[in-house]
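Let's walk through this structure together, looking at one helix and at the charged pairs in and around it. Have the model open beside you as you read.

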Amino acid sequence: MPDAPEYTPRSVYMLEPHADLVTAENGYIAIEAIAERVYDKPYSSLRGCQRDDEHIGNDSVKLYELSSDGDYLQALGDLDDAKIYLGWDSRTGESAFKTGMTELNYWLSIRVADENTPATVEANPPATQDLENAVFEDRFFADRAFSPSLRLVLADLIRRGELPRGDYLFRHWW
């Protein structure tokens, strides 16, 4: 058929945030396991996915296409953008932003208290509170506080050589 579009094969990798036995070789990548090894802390992938699309639900499927140079470079540009949305401040009636650091560095600065470091913030701080270097009493609240966009994490992991370039289908269900 002369008018049929030419088929272009693509590699699609499935991101499984809660899977235990998946590997890049079988097309499945446990995003939390890779992120924890690279960043030394767990990555809350559902929250990160919701930062990309606030309407995405718990039973979600989303395709991240970072296979073209344009998509990849755009994601890296977004990663290095120094303006972080913190949330809507109902007291002032305006959105709150933080400038001067990347989303990834902001997220990595949030920690959990231990015997040497006491907690510095309450369990459920207001959405607009600046949490740079915040120390939470519990891992659960630290993970809920802030996580960068999953698209930006993928771009960073590709840049670091931890993930192959390609399309990533994110799946999450509880």
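Aspartate 156 counts as buried, at 2% relative accessibility; here buried means under 20% relative accessible area, exposed means over 50%, and partly exposed lies in between (1.4 Å probe, protein chains only). This is a predicted model, in which local features need pLDDT of at least 70 and side-chain atom pairs count only at pLDDT 80 or more, while totals for chains, interfaces and linings use all residues. Residues are numbered from 1 along each chain as its sequence is written, and side-chain values use heavy atoms, with hydrogens and water left out.

Aspartate 156 has a charged partner: its side chain forms a salt bridge with arginine 159, with 3.1 Å between the closest N and O atoms. The term salt bridge stands for a side-chain nitrogen of Lys or Arg within 4 Å of a carboxyl oxygen of Asp or Glu. Both residues belong to helix H6, where they sit three residues apart, about one turn of the helix. Helices (H or I, at least four residues) and strands (E, at least two) are DSSP runs, numbered from the N terminus. An α-helix has 3.6 residues a turn, so residues three or four places apart point the same way.

How much of H6 is covered? Most of it: of the 10 residues in this helix, which spans 150-159, eight are buried. Among them are Leu150, Leu152, Val153 and Leu154. At the start of the helix, a side-chain oxygen of serine 149 comes to within 3.2 Å of the backbone nitrogen of arginine 151. After H6 comes glycine 161, with a positive phi near 85 degrees.

Now follow the chain to glutamate 162, whose side chain meets that of arginine 37 in a salt bridge (2.7 Å, N to O). This pair joins distant parts of the chain, 125 residues apart: glutamate 162 is in the loop between H6 and strand E8 (167-172), and arginine 37 is in helix H1 (residues 31-39). Glutamate 162 is partly exposed at 29%, while arginine 37 is exposed at 57%.

Helix H5 (residues 139-145) holds another pair, arginine 139 and aspartate 143, four residues apart and so separated by about one helical turn. Their closest N and O atoms are 3.1 Å apart in a salt bridge, and arginine 139 is partly exposed at 32%.

Elsewhere, salt bridges link Lys98, Asp130 and Glu132 in a network. The count of salt bridges comes to nine.

Methods
Polar contact = N/O pair within 3.5 Å; in protein donor to acceptor, adjacent residues only side chain to side chain.
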